[in-house]
Every structure is written in structure tokens, then in C-alpha cells.
Amino acid sequence: MPIINVTTRDGRSKAIEGRAGRSLMENLRGGGIEEILALCGGCCSCATCHVYVDDEWLAGLPAMSDDEDDLLSTSGARAENSRLSCQIPMSDALDGIAVTVAPED
Amino acid sequence: MRRRRDRQRHHRRGAQLSRFDVLIIGTGHAGVAAAIHLRQAGFAGSVALLGEETELPYERPPLSKDYLAGAKARDDFRFRSADFYAERGIELIPGERVKTVDPEARSVRCASGRTITFGELVWTAGGRARRLPGAHAIRTLADVDALKDELASASRVLIVGGGWIGLEAAAAIVKQGKKVVLAEREERLLARCSGRALSDFLAARHRAEGVDIRFGGPSPDPADFDLVIAGIGIEPEAGPLLAAGAEGGDGVAVDELGRTSLPHVWAAGDVALHCNPFGPDRPIRVESVQHATDQAACLAKAIAGDPRPYAAMPWFWSNQFDLKLQTVGLSHDHDEELVRGDPASGRFSILYRRAGKVIALDCVNMVRDYVQGRLLIERGTRVAPDRLTDPDLPLKTLVD
Ligand SMILES: Cc1cc2nc3c(=O)[nH]c(=O)nc-3n(C[C@H](O)[C@H](O)[C@H](O)COP(=O)(O)OP(=O)(O)OC[C@H]3O[C@@H](n4cnc5c(N)ncnc54)[C@H](O)[C@@H]3O)c2cc1C
Ligand code: FES
């Protein structure tokens, strides 16, 4: 089971056991990260699943679609390493991935 | 012996007789959001989430989309794990239906006879699907499980109602190789909530995918089908509160913080009749995940001591086939509908205006307009129609 290292908004870190095949968002939410609201359930409509991905993991992620890019552009907290976690499928290759929950918009 | 049993029963009931600082009725989108936001806002009192359903709380949108289509499993769309609620001291009370509310005693009485008292009552009981005899509805996980059981062996399916749920169900079912007839008594789809351009576009697309759409009456004879589904809207679940004297009618009236006219009683979500800052000048109900979540968050913060009027931008989505439909704003009482882009291309937007201002957009496979159109609505900018409909001008360049 791939491990996900999450840092929440209060700066605390937590390691979650992920499930491959589910999205990173589903894993974070299922792992009890309450700050991930994911209101649209992964439909790329809400941007409430915004995370920062540690640089070393960025390159290994599937490319960002135009839709994800557009939606992220609504966030005042967007950074170089911003991603919508619902658009990232979890896989064993991502074992150890480190992400930080982005601030609320 | 008899006495002992009575005493035991009494004792058991006694153990259940309980009080919560905040008692939330309804475990849907609004109820769960209220509980989570109470804790996020630092509320330390006791919180219970009571509802009629026995399932661990789940999201409704997948019911008519990925779950019906078989692309999501039952446990793929729970809001949170059971541990999550336990860890935060949110007591889940499943399988209880509130029948009456006593605002003076600050108590609710359930169909089981159980009575619970409260400091604050949060009414997030949503709505009940209107049913047709012999037809399935799509409102709860139990509804869709029963529907899927029969669908497996059905080949001819009648869907009554051309609203969002009827259309999503038609898309999910026709893809499974079934013959689908969709009957809409109006002359167009989504007549209640969207403009004509979207109705026409969706009708054409559904027909191209094989859905047999019939407008106007009379509805086809259900006897000609193996399975009938009604997607004909909901009745807000306001009865117990109205009976207790709360103001309302088609729902429970609430103010900008989510307070009903009864002291210590709040409401949010599908059931809440409210004046939406982005809506018309009359109380309305809004049936969407955004509204349920944000209005519940608003009342939770107010209960936790941080009252701020509900002012969130409305948004909504739907998925049918490969179409991603996204709506921002509320199009009620629009007096003008502008089409931006070519519907035939499968990517376009519709802008709704009222008195010259953009109040809502429906976007089809056009996330960019959905995202940028929000600015137009927020700022209330007046822009010439020919500029709004020029797909080469990004909407964000049109706001001042
Ligand atoms: C199939 C389907 C698809 C949808 N798709 C979308 C979508 O794509 N996008 C979108 O934005 N919105 C969508 N919606 C709308 C959205 O799900 C609703 O607006 C939202 O669920 C409203 O939340 P709520 O908490 O107000 O009510 P509900 O989710 O209805 O929850 C109310 C709960 O209260 C319980 N209850 C009722 N009466 C009582 C009582 N007396 N005692 C105890 N419990 C009671 C009910 O059993 C229910 O569990 C969809 C809805 C459905 C049904
Ligand atoms: S969950 Fe809504 S965009 Fe990711």
C-alpha cells in the first residue's frame, strides 16, 4: 500500500496508507484529512481538493489538463507545485509522496 | 419475569434518552458539513448527527452518475470514514426518523419513540423524492441498489422527467445497451432551471446516443417497459418544523445566518427557503451540493460564535456521456440568454442576463468560461452582448 505523507494547514504531518486505483483526493479524504472538502467529489468543478506536491514528486505525476489548469487559476493560493488531488490517481509508484494541503480560498 | 423485562426495556430507553448541545437532523450533504464545520470552528460541545438512513453518510451525485453506471462501488463515495466521526466526537445516530419537534422543551421525538433534547437544533432533512406508483426513484443509496437489482435483467426502461436526474440516469442506462425512453411533459428538457439553448443541445445529444425523448403528454404506458424510473423532483422535508410553528411553506424559511423563525432552530440545504444574494428578490430553495455545504458551514460558524451572512457563489455540475456541464450563478428570472461558442462543436457556454447584468452561466465542456464567468457575476459588470459572445475574448478580460 503506497504511503502518503500529508502536511495539514496547522503544519502537522501525518502518514496515510493509500489505496492504489483511487485518486489522491479520495485517499486523503478517506484518511481523515478534513481540510480536503472535495465538494464536487472529483469532478474538477470545485478546487476544494487543492494540494501542494513536494517538488521531487511533481515530475512523476500525470500532466495537468487544461481543465485542471483553468480551475486552479481561480485559487489565490496557487503555486508552481499546485495540483488538484482529485486529478491524481494513486499508484505504487507514488509510494512516499509528500503533499501539503493548500490554504482555504 | 414480565416486570424484569419491562424494567430492562425502560432502562434501555432511559440510556438512550439523551441531550446534545447541537443535534443535527439529516445525514446528507448539509448535515455532514454542519458537523464538520462546527468542529473546524472549534465548537467543543456535544454534537449528534441523526438521520433516517442507516448507511454511513455518502454523497448523492454519484447515485445517478458513476454508481448507476457501475463505475463506482458502494463505498467509493462516503464523505468520511466511521472513525472520522468518532475521533471528532460526532455521534452518528442512524435509522431514526424525527416525527415531531417541540421548540419549547427543545426536544425532538422520533418514530421509534426515542426523545432527544438539544441546545441548538440544525434541520438538514433535505427533500423526499416525489414517487410514482410502481416506479423507482433516485434519491438514496437504497433507491439505487433496488433499481440496479432490477436493471440487470431489464431491457426496456422508461424514465419520467427530463430534469438533471432523469438525464443523468438516461445517459448511464443507455450506455449499458438498454432501450431508454425519456418522457418529459413540458416541451423541452430542464424547463424548470435552464435556458432553451441548453435544452436543445442536450436533447440532440441524448437522441444521438439512442435515448428516445418524448415531449408533452400523454406519458407512454408503463406496461410497455420492464422498469420505470421517476425523476420528477422532491418535496422539501419540512413537515415537523412547520407543524411546530416555523415559518415557511415550500420549505423552512431561514435568514442570512440559517436561523428559522423558531428560537435555537436552524436549517440549511435543500429544505431551506432563503433569500440568496445571487438569486431573485424572493425566497427560493436551491438544490445543490454547493448550497447545502456552504449554507451549513455558515450556520455552523454562527453557532460556534462567528456569524457571517451566507454569501457564497452558487455552482453546480452534471455529467452526461462525455459532457461536463458546469453552472455558476443562479439563472432565475433571467430576461436574456446569450450563446457563446458553437453548440455543434460540443464546447460552448450560455450566459444568462437580468436587466443587462450576467447572473449565471451554463458551460458545456468549457471549464474556462465556468471559472472566469464567476468574475462577471461577482462584479456585476455590464458588457455589450457581442463581446460576451465572442469566444476569442476570454471572459476575464471583460470585467473591469
Ligand atoms: C441522484 C442525485 C444526483 C445529484 N447530483 C448533483 C450534482 O451533480 N451536483 C450538485 O450540486 N447537486 C446534485 N444533487 C443535489 C444534491 O445532492 C442535494 O442538493 C443535496 O444532497 C442536498 O443536501 P441536504 O443535506 O440538504 O439533503 P439530503 O442530502 O437529502 O439529506 C437529507 C437527509 O435527511 C434525512 N431525513 C429526512 N427527513 C428526516 C427526518 N424526519 N428524520 C431524520 N432524518 C431525516 C434523509 O433521509 C437524508 O438522509 C443530486 C441529487 C441527487 C438525488
Ligand atoms: S474534488 Fe472538486 S475539483 Fe477536486
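Biologist: Let us begin with two helices of chain B. Which residues in H2(B) meet which residues in H9(B)?

Modeller: This is a predicted model, and the contact is read from both sides. In H2(B), the residues are His29(B), Ala30(B), Ala33(B), Ala34(B), His37(B) and Leu38(B). They meet Val289(B), Ala292(B), Thr293(B), Ala296(B), Ala297(B), Ala300(B), Lys301(B) and Ile303(B) in H9(B). Sorted by class, the residues of this contact are 10 nonpolar, 3 polar and 1 charged.

Biologist: At roughly what angle do the axes of the helices H2 and H9 of chain B cross?

Modeller: Helix H2 spans residues 29-40 of chain B and helix H9 spans residues 289-303 of chain B; their axes come within 8 Å and cross at roughly 35°. The crossing of H2(B) and H9(B) is right-handed.

Biologist: Ala30(B) belongs to that contact. What in ligand 1 is 2.8 Å from a polar backbone atom of Ala30(B)?

Modeller: An oxygen atom of ligand 1 lies at that distance from the backbone atom of Ala30(B). A nitrogen atom of ligand 1 is 2.9 Å from a polar backbone atom of Val98(B). With Lys65(B), the side chain takes part: one of its N or O atoms is 2.5 Å from an oxygen atom of ligand 1.

Biologist: How many residues surround ligand 1, and which are the closest?

Modeller: Ligand 1 is surrounded by 34 residues, and the closest are Glu53(B), Arg60(B), Lys65(B), Arg139(B) and Asp270(B).

Biologist: Let us turn to the sheets. How do the strands of a sheet pair?

Modeller: The general idea is that strands pair through backbone hydrogen bonds, in either a parallel or an antiparallel manner.

Biologist: How many bridges join S9(B) to S10(B)?

Modeller: Strand S9 (residues 179-184) of chain B is joined to S10(B) by 4 bridges, and the two run parallel. For Glu184(B), the bridge partner in S10(B) is Phe215(B).

Biologist: Which sheet of chain B has antiparallel pairing?

Modeller: An open sheet of 5 strands, in the order S17-S18-S21-S20-S19 (chain B), is antiparallel. S17 (315-320) and S19 (336-340) of chain B each have a single partner strand, so one side of each has no neighbour in the sheet. Within this sheet, S20 (residues 348-354) of chain B pairs with S21(B) over 7 bridges. Ile350(B) is opposite Asp362(B) in S21(B). H6(B) packs on this sheet too, touching S17 and S18 (323-329) of chain B, and its direction makes about 30° with that of S17(B).

Biologist: Where is Asn365(B) found, and which backbone nitrogen does its side chain reach?

Modeller: Asn365(B) is in the loop between strand S21 (357-364) and helix H10 (367-379) of chain B. The side chain of Asn365(B) reaches the backbone nitrogen of Lys324(B) at 2.7 Å. Residues that Asn365(B) touches include Asp322(B), Leu323(B), Gly346(B) and Arg347(B).

How values were computed:
Residues are numbered from 1 along each chain as its sequence is written. Chains are lettered from A and ligands numbered from 1 in the order in which they are written. This is a predicted model: local features need pLDDT of at least 70, side-chain atom pairs count only at pLDDT 80 or more; totals for chains, interfaces and linings use all residues. Side-chain values use heavy atoms; hydrogens and water are left out. A polar contact is a pair of N or O atoms within 3.5 Å; within protein, one must be able to donate a hydrogen and the other to accept it, and residues adjacent in sequence count only if both atoms are side-chain atoms. Contact means heavy atoms within 4.5 Å. Axes are lines fitted to C-alpha atoms, for helices over the stretch in contact, and angles run from 0 to 180 degrees between N-to-C directions. A crossing is left-handed if the near helix is turned anticlockwise from the far one by less than a right angle, and right-handed if clockwise. Ala, Val, Leu, Ile, Met, Phe, Trp, Tyr, Cys and Pro count as nonpolar, Asp, Glu, Lys and Arg as charged, and the others, Gly among them, as polar. Two strands pair if DSSP finds at least two bridges between them. A residue is near a molecule or strand if one of its heavy atoms lies within 4 Å of it. Lists of a residue's contacts leave out its neighbours within four places in sequence.
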